[in-house]
Amino acid sequence: MSSIILEARDIRYRYPRGMEAICGISFHIRKKEKIALVGPNGAGKSTLLTMFNGMIRPDSGILLFDNEPIRYDTPSLRVLRKRVGFVLQNPDRQIIAPTVYQDVAFGPTNLGFGPTEVKETVTRALRHVGLEGFERRPPHQLSGGEKKRVAIAGVLAMDPDVLVFDEPTSGLDPSGSEDIMELLDELNHEGKTIIISTHDVELAYPWADRAILMTGGTILHEDIPEVAFGNLNSVRTAHLSLPTLLELYMELKKRGFLLPGKKPRTVLDMMHCIETLFEKSRIQNRHGTITVCNVDLDNRESLSEWIAMHEGICTGAMGTRAKMCAENSRIHLDFTYSVIDKCILKALLGEDSLILTTESMVKRVYLRVNAYGVESGVQIPVHQFGTAQPEANGKNGSEP
Ligand code: ADP
């Protein structure tokens, strides 16, 4: 179990001339966790988030970062704000410079980096969020999703350990929201602790490692999402709704269907529940193969040739760099979100698929497919692009 990075002990806060916004809250967040603070408007989510990098100081109680009480003198706050990056709900309030480059360069310049180091840092941060080539663009001419990415790049340029996002998908269309949630996953996979606030249960339920349900400045429930959202009293008190998959599972259970004990968080989990019910009548097809291509390594020409040879193969891309590679190589993408689960679903239908991704995410494909195999007893063959095809009998390719 990872160590604790943030801890609150009975913290309270009242806005000047306002009502008490945080009414005695205690919790802890572990390193590399994905945490969703979920609650209705006015629950106190944003107020709590702004305490994590010292923007607001609790009136009472203690807030600890990396096991040390947060200190509020200027030098301590500078260090804290380098380690805890904050992405505001509205990027227009975060982006201050006339060009994308200048905006992202603001943090590293303030940290005292030299010009070469600033340039390298900005280039790396923009590459990370898929905005290479946007350096000279004025931020006000960008789309909502692009502005959000500029704001994220500005925070990434400081290389924080913890990233805090207030309503990360607000104002974005469904595809923009999916891209941002995927970027959050990618950052988490690279070792960052990610904390988001949201009132969108469908967003938080499949994404979070733990959900903290809040209302009226208090925590109602804090647990893995299946348990936190499975508590109907908490969900009702917080004026939230049940995630659709969980509601469906509960309704089926009420009707006496013998479902597995593990509640579904994704469509893939739900399919596993349903297939368990119909196990005996199901025709066992050959399972499709998932091919994983590391776009950092593999030759783009041979990739295009391979796709042409496998006409109609479903293709997904995980991570911004992989998506950009697909765009540059004019590769049509069928999946850009929940890519691994969607490819497993295809494999269960006997169809092959291709996942484009980057070095750091390849292992995640193997881990997810193997975890699904352990849970369901169904082994989906995974194959690395450029190596020999495994036999199509359910044997997994070996992990890289
Ligand atoms: P949420 O992010 O869950 O919507 P907030 O943290 O923004 O909730 O607000 C919590 C409570 O604090 C609300 O009652 C809100 O009206 C109040 N509040 C928020 N900001 C201020 C402020 N600047 N001054 C006074 N009250 C505020």
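Predicted model: local features only at pLDDT ≥ 70, side-chain atom pairs only at ≥ 80, totals over all residues.
Residues are numbered from 1 along each chain as its sequence is written, and side-chain values use heavy atoms, with hydrogens and water left out.

**Exercise 1.** Describe the surroundings of the ligand.

Step 1. Let's list the shell, taking residues with a heavy atom within 4 Å of the ligand: Tyr 15, Ala 21, Pro 40, Asn 41, Gly 42, Ala 43, Gly 44, Lys 45, Ser 46 and Thr 47.

Step 2. Helix 1 (residues 45-52) gives the largest share of this shell, 3 residues; helices here are DSSP runs of H or I with at least four residues, and strands are runs of E with at least two.

Step 3. Now look for polar contacts, pairs of N or O atoms within 3.5 Å. A backbone N or O atom of Gly 42 sits 2.7 Å from a ligand oxygen, and for Ala 43 the distance is 3.0 Å. A polar backbone atom of Gly 44 is 3.0 Å from an oxygen of the ligand.

Step 4. The protein covers 61% of the 560 Å² of accessible area that the ligand has on its own (Shrake-Rupley method, 1.4 Å probe).

**Exercise 2.** Find which strands pair with strand 1.

Step 1. Pairing needs at least two DSSP bridges. Strand 1 (residues 4-14) and strand 2 (residues 20-30) are antiparallel, with 8 bridges; Arg 14 is bridged to Glu 20.

Step 2. Strand 4 (residues 60-65) also runs antiparallel to strand 1, joined by 5 bridges, and Leu 6 has Phe 65 as its bridge partner there.

Conventions:
Polar contact = N/O pair within 3.5 Å; in protein donor to acceptor, adjacent residues only side chain to side chain.
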